[in-house]
Amino acid sequence: MLRSTWNFLKRHKKKCIFLGTVLGGVYILGKYGQKKIREIQEREAAEYIAQARRQYHFESNQRTCNMTVLSMLPTLREALMQQLNSESLTALLKTRPSNKLEIWEDLKIISFTRSIVAVYSTCMLVVLLRVQLNIIGGYIYLDNAAVGKNGTTVLAPPDVQQQYLSSIQHLLGDGLTELITVIKQAVQKILGSVSLKHSLSLLDLEQKLKEIRDLVEQHKSSSWINNDGSKSLLCHYMMPDEETPLAVQACGLSPRDVTTIKLLNETRDMLESPDFSTVLNTCLNRGFSRLLDNMAEFFRPTEQDLQHGNSMNSLSSVSLPLAKIIPIINGQIHSVCSETPSHFVQQVETEVKHVPDRILLTENLHLAQASISILFQENGEHSLL
């Protein structure tokens, strides 16, 4: 039996070798395929876990941004009411002074200026804070990912984060003061000659606000001109110009705190982007639309209008004397800058979340932090290993 088997193998030696080679190759390929499948499965599992971790990190950052905005609105409102104090003028009018008309004219300019500045500054605060927290969130994510790895240094320690985020004080300080000056000049130019007895409809009021916005947003700041000559609208109010010493921009940091300066420069690059102007402009459109919606409640037809059968479907159907519009516009600051969750801030933040954002190469600004972190991870991963 053994001899016959051996003779068979000798007669079919080449065939047996070929068959053995094929079977061995199939076995090796099978093992290799199983190994690759395990590697793919492990990689997919790791990516899923990493994605879940990033998603939690991003959502947490967005909640932080929303709460931070609401916590800063009282400070913004107080600064506006201090620099544009219409209450003192209202108190003067109650004393029936001899220069009553002059005080009314001042109240007209201050009331419109205050509410318009409130819309601008609130929108700027929402968008700038979201950009800042998304940038710092990218560094924090990398720092968390590097925990436990040898030879790594913290990219954004807490003191650097605090110093960087404190740069928003420019918007609440010098930037706000300059914004008030520019808007007040625009209001004076558009409404200064309008009589207190002149009646305006909601449509007329919308047109006046548009004219004021055009003047404000065409205001030229030589420090924020791009190389191609285009203007970076409104950015000057959110960050100091480039001529300001870096030590001042970094809020008094020592020279070794280069990370903070890097964060500031990255923020400046975003603010100078035309796409950032698009995002901010869209938020401003929503903000002013909400302001007009709030005021529309005071332009409802009276019973007398209804009896006369006037068409109530038109925005121009109801008009009010400018003197009656002044207290309405004057009180809008409490709605715009409310520290409790309000329709105004919610609508502005909703608009931020749904605006296509090429600044950070993501679907929208709500996902900007994810893009930043991924970008940091791709560019800096090797330095963390």
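**Notes on the predicted model**

1. Let's start inside the protein: Tyr-120 and Phe-288 are both buried.

2. The ring centres of Tyr-120 and Phe-288 sit 5.5 Å apart with their planes at 75 degrees; since an angle over 60 counts as edge-to-face, the pair is edge-to-face. Tyr-120 belongs to helix α4 (residues 100–145) and Phe-288 to helix α11 (residues 274–296), so the pair ties together parts that lie 168 residues apart in sequence.

3. Phe-288 turns up again in the second largest pocket. Which residues lie nearest the centre of that pocket? They are Glu-206, Asn-285, Phe-288, Ser-289 and Leu-292, out of a lining of 13 residues. The space in this pocket is about 280 Å³. Helices α8 (202–217) and α11 each contribute at least two residues to the lining. Sorted by class, that lining holds 6 nonpolar, 2 polar and 5 charged residues.

4. Is Arg-114 buried or exposed? Its relative accessibility is 0%, and because buried means under 20%, Arg-114 counts as buried. Beyond its neighbours within four places in sequence, Arg-114 is in contact with Leu-80, Met-81, Leu-84, Ser-86, Glu-87, Asn-330 and Ile-333. One of these contacts, Glu-87, is a charged residue by class.

5. Another arginine has a contrasting setting. Arg-96 sits in the loop between α3 (86–94) and α4. With 75% relative accessibility, Arg-96 counts as exposed, whereas Arg-114 counts as buried. The backbone of Arg-96 deserves a look too: its phi is positive, about 55 degrees, although Arg-96 is not a glycine.

6. Val-345 is in helix α15 (residues 343–354) and, at 5% relative accessibility, counts as buried. Setting aside residues up to four places away in sequence, Val-345 touches Val-69, Leu-70, Leu-73, Thr-122 and Val-336. Of these, Thr-122 is 223 residues away from Val-345 in sequence, yet their C-alpha atoms are 7.9 Å apart in space.

7. For the chain as a whole, there are 16 helices and 2 strands. Buried residues account for 42% of its 385 residues.

8. Finally, a word on confidence. The chain has an average pLDDT of 75, and 62% of the residues score at least 70. Over residues 222–231 pLDDT stays under 50, and the model gives this stretch 19 contacts beyond four places in sequence. Residues 354–385 also keep a pLDDT under 50, here with 71 contacts beyond four places in sequence. Those contacts belong to stretches where pLDDT, the predictor's confidence in each residue, stays under 50.

Note on methods
Residues numbered from 1 in each chain as written. Predicted model: local features only at pLDDT ≥ 70, side-chain atom pairs only at ≥ 80, totals over all residues. Heavy atoms only, no water. Phe/Tyr/Trp six-rings, centres within 6.5 Å; stacked < 30°, edge-to-face > 60°. Helix = DSSP H or I, 4+ residues; strand = E, 2+ residues; numbered from the N terminus. Buried < 20%, exposed > 50% of the residue type's maximum accessible area, 1.4 Å probe, protein only. 1 Å grid on protein atoms, 1.4 Å probe; cavity = no way out; pocket = protein on both sides within 12 Å on 5 of 7 lines; lining within 4 Å. Points joined across faces, edges and corners; volume = space filled by probe spheres on them. pLDDT = per-residue confidence, 0-100. Contact = heavy atoms within 4.5 Å.
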